[in-house]
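Open your viewer and get ready to click through the chain.

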Amino acid sequence: MGYPMTKQPFRARIADNSFTYDHIYNPDEAAVKFYTQLASRHGHSILDLGCGSGYLTIPLAKQGLKVTGLDISPSMLDIAVTKSQAAGVKIGWIEENFIDFNLKQQFDMIIMSGCTLQYIENIDQIEQCLERVKKHLKPKGVFVFDIYNPSLPLLCRDPEERYYVTSYIDAFNREVTVEENNIYDTVTQINHITWYYSVDDTPDYKVDVLKMRQFFPQEIRHILKKNGWTIDHCFGDFNGNRFSSDSPRQIFMVKTGKKSKWPRVRNG
Ligand SMILES: C[S@@+](CC[C@H](N)C(=O)[O-])C[C@H]1O[C@@H](n2cnc3c(N)ncnc32)[C@H](O)[C@@H]1O
């Protein structure tokens, strides 16, 4: 079982490469719709962790929600500020590390979109981040995040092979082709990805390396439970389908309180 590799969106695989990120990414309308609908249902104040260039933060603010975007990358935030000014929305932008942030306020909803949790490499830091999220959530608040459903065919690809990712026209009007290869380390569960950018006369004129930790479905459930989270929903895609073996993503909606209890039906 598994989903086709070609269906994997590439947006979330780019770490801090602000220029490339906005240059080549085609917005995922389903993701924007999914998060904005949830946000309008779940509260007024939203914290977007690892907000990047404001891909979701800005649509959320356009809905009249009170939004804060936090990211470690100044260049991503520069783009986000410019875009939010052009869109005429007010957003609180914060340059911080989501592993140890302390904003001294709580939110109705915290989101971490675009597989951002996968940029945290070790388990201690993942737990630290989850603790920080908990501290910043209101008692009835929800934390929503998406990660990939690990694709074994993709992780086990031949590292010597290169695969086409995308092509785009850059600021110098050149057609840039992007290819990738990857090596998956089964000990650390980190997928080491290399992106190769080429133009006609200069192959590989730029090379980016990024790491994405893989979370297997039973593992992430255990991590959440161990750290005091209750899973309300796990969707398998942004159309709201239930998570299954073939799903491209694991999209969790979790909270700190207990799951609602239903009255037991007694016979007789
Ligand atoms: C894949 S992008 C996702 C951006 C956005 N959430 C989206 O859906 O388009 C991951 C973002 O996480 C940010 N990031 C990575 N590590 C971080 C950290 N330790 N603290 C805060 N932001 C971080 C990167 O700078 C980048 O903007």
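**A pair of strands**

Select residues 175-185 and then residues 190-199. These are strands β7 and β8, and they pair in the antiparallel sense over nine bridges. Keep in mind that this is a predicted model.

Now pick Glu180. Which residue is the bridge partner of Glu180 in β8? The partner is Trp195.

**The sheet around them**

**The whole chain**

Zoom out and show everything as a cartoon. The protein chain holds seven helices and 11 strands. It has 268 residues, and 51% of them count as buried.

The chain exposes about 13900 Å². Carbon and sulfur atoms supply 51% of that area.

Then look at contacts. Among those with a separation of 6 or more, 64% join residues 24 or more positions apart.

**Colour by confidence**

Finish with pLDDT colouring. The mean for the protein chain is 89, and 86% of its residues reach 70 or more. Now select residues 1-16. Here the pLDDT is below 50. The stretch still has 55 contacts in the model beyond near neighbours in sequence. Where pLDDT is low, predicted coordinates should not be read in detail.

Conventions:
Residues are numbered from 1 along each chain as its sequence is written. This is a predicted model: local features need pLDDT of at least 70, side-chain atom pairs count only at pLDDT 80 or more; totals for chains, interfaces and linings use all residues. Side-chain values use heavy atoms; hydrogens and water are left out. Helices (H or I, at least four residues) and strands (E, at least two) are DSSP runs, numbered from the N terminus. Buried means under 20% relative accessible area, exposed over 50%, partly exposed in between (1.4 Å probe, protein chains only). Contact means heavy atoms within 4.5 Å. Accessible areas come from the Shrake-Rupley method with a 1.4 Å probe; for residues, only the protein chains shown count as cover. Two strands pair if DSSP finds at least two bridges between them. pLDDT is the predictor's confidence in each residue, from 0 to 100.
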